[in-house]
Amino acid sequence: MKAFIRKQGFLIDFTLSSLMRRKGKNIGLLIVYGLIVFLLASVMLFSHALRKEAGLVLQGAPEIVLQRMVAGRHALIPADYLDAIESIRGVAGTEGRLWGYFYDPAVGANYTVMVTPDYELSGNEVVIGAGISRIRGVAEGDFFSLRSDKGKTYVFKVKSLLDSESELVSTDLVLISEKAFRVLTGIPEGRLTDIILKVRNPREVQKVAEKLVARLPDTRPILREEILRTYDSIFAWRQGIVFVLLLGALLAFVIFAWDKASGLSAEEKREIGILKAVGWETGDVLRMKFWEGAIISFSAFTLGYLAAYLHVFYSSAVLFEPVLKGWSVLYPQFDLVPFVDGLQLATLFFFTVFPYTVATIIPIWQASITDPDAIMR
Amino acid sequence: MRIELSNIEKIFNRGRHNEFRAIRDVSMEIAPNRITCLKGASGSGKTTLLSMIGCLSRPTSGRILLGERMISGLPERFLTDIRRHTFGFVFQRFNLIQGLTVLDNIMIPAYPLGLDHGELKRSAKLLLKQFGLERVSNNPVQWLSGGEAQRVAICRALINDPGVLLADEPTANLDLKNSREFMELIGNLSESGKTILMTSHDPLVYESPVVDEVVEMHDGQIMVK
Ligand SMILES: Nc1ncnc2c1ncn2[C@@H]1O[C@H](COP(=O)(O)OP(=O)(O)O)[C@@H](O)[C@H]1O
Ligand SMILES: [Mg+2]
């Protein structure tokens, strides 16, 4: 037993010194391998975190958004609908919203302008999201202008910046007072963009929606689950592009492993022959080489995964920005909530470390079962 | 230990168009505690025969007896064991592992035995001292001269204290001075009780007074004296 343990010690020692002997080659290997893991892991972590983020955002979203439809198109909703809605059983609260999109030709971006009761704003004050602040170069206390629908420019003062948890939704947001909003848009008193409602019992959402349509036939309720689905499909589309990246990385990995599997250098073969000739068992040689491969792939995996973790969660996935940005000028600089999924980690491990190790061990096995007399030539 | 070969044949690439009979019906005996030299022109089959005796390859047919034990036809597992305990090899091209130190190279054959590390190191150092290699013991082997490299190869062959030392063309890569030193060294080893089998086409080896027996080979056969 003691001899067995000592033997393993010798094997590991020898493995480490083997690795050191071919430092250049092994470092190169580590870098290529690590990069591939980095790419794969980045994609996995990123898409997963993004979905989670979207889920979190929508948790705070209203259960039902009620719009008025005129001739099949979204129209302004009268404020007195609020009373009618509140009298429906199961409705826990309502709120009329005023919001819309404003195009800023100076930067070519669309802002979402919104009235909110959460901020006490006077007629010439606004609160803006981080993306707008960045793109327009305005900070707290600076002036900020918006063009009305009729073409007139109004100047506001930036009261503060939004520091929302999730920049994903707040980046292009401009909060404004109701008075200013009505001036900008010309929407008369007593009209709203839409109405949001809270439902007392989540299981009654469907029922409440039906009652709404029955009582106010010119309205259309939009449920949170439906929004969730739209969100999902947007992310799915973006993921598609990322998926291409992923395939690329996988392909690189296959080529890389294939190269390993296709043979040993003459020097490596010779070394295996020497070890066998001086009395190493085939099993000893295999174990030693197995450790060699395992150490490389394990370190590459760890390094690549760590780098991907930092990339996705602490640098807002800078490398993916061009892909995900798409048409959005106001790309959110969001910090995703760090999250590691055990199953995902295991999958990635299984699809990289495992095939690599097998790929390295096959030619070694072939070399180590042949008679070692070739080294005498 | 006595080694006996009877009707040994070695056919390379058997059944293919390049089939080649390297050893034909060789029967011989290698006396224990003696120095035997296989002599012959290049290509006469000396190395092939030596590697079969040392269990690095198997004869196509025939029997090899090691003491009372028949070793031709044993499975790989047993051959490894015999290689480890009975034979020490000194290869023509030395075959040291590049990048490792002299000391590490010498200890490699002992690793699978799982000996105590300190003890192993002590015996390795003792060998190095015996062969005048103390000074270079921590140098990587690629720094060694030809003579030093061969002495390291001999130390490696001796680390597991085998009964038989096999050396293939031991002076092929040495100058005259180192060759003479080698023969002297071999003489000493023989006196200490080792059986030594060498191949060579160098007269300095087969005409040396330390060699007890010379066996001449030609075209894969042993020439009758
Ligand atoms: N693996 C092999 N396949 C085919 N022929 C071989 C192989 N190994 C050796 N030979 C041939 O066997 C003959 C004897 O070789 P060898 O034993 O090395 O001779 P020596 O050591 O006496 O110079 C040579 O003609 C050589 O070409
Ligand atoms: Mg030869």
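These legends describe close-up views of a predicted model.

**View 1. The open sheet of chain B.**
Four strands form an open sheet in chain B. Their order is β2-β1-β4-β5, and the pairing is antiparallel. Strands β2 (20-30) and β5 (69-70) of chain B stand at the edges. Each has a single partner strand, so one side of each is left without a neighbour in the sheet.

**View 2. Strands β1 and β4 of chain B.**
β1 of chain B covers residues 3-12, and β4 of chain B covers residues 61-66. Five bridges join the two strands in the antiparallel sense. Ile3(B) stands opposite Leu66(B), which belongs to β4(B).

**View 3. Helix α1 on the strands of chain B.**
Helix α1 of chain B spans residues 46-53. The helix lies across β1, β2 and β4 of chain B. Its direction makes an angle of about 120° with β1(B).

**View 4. Helices α9 and α10 of chain A.**
Two packed helices are described by the angle between their axes and the distance between the axes. Here the pair is α9 (residues 266-277) and α10 (residues 282-314) of chain A. Their axes come within 9 Å and cross at roughly 135°. The crossing of α9(A) past α10(A) is right-handed.

**View 5. The contact between α9 and α10 of chain A.**
From α9(A), the contact uses Glu268(A), Ile272(A), Leu275(A) and Lys276(A). From α10(A) come Thr282(A), Val285(A), Met288(A) and Lys289(A). By class, four of the contact residues are nonpolar, one is polar and three are charged.

Methods:
Residues are numbered from 1 along each chain as its sequence is written. Chains are lettered from A and ligands numbered from 1 in the order in which they are written. This is a predicted model: local features need pLDDT of at least 70, side-chain atom pairs count only at pLDDT 80 or more; totals for chains, interfaces and linings use all residues. Side-chain values use heavy atoms; hydrogens and water are left out. Two strands pair if DSSP finds at least two bridges between them. Contact means heavy atoms within 4.5 Å. Axes are lines fitted to C-alpha atoms, for helices over the stretch in contact, and angles run from 0 to 180 degrees between N-to-C directions. A crossing is left-handed if the near helix is turned anticlockwise from the far one by less than a right angle, and right-handed if clockwise. Ala, Val, Leu, Ile, Met, Phe, Trp, Tyr, Cys and Pro count as nonpolar, Asp, Glu, Lys and Arg as charged, and the others, Gly among them, as polar.
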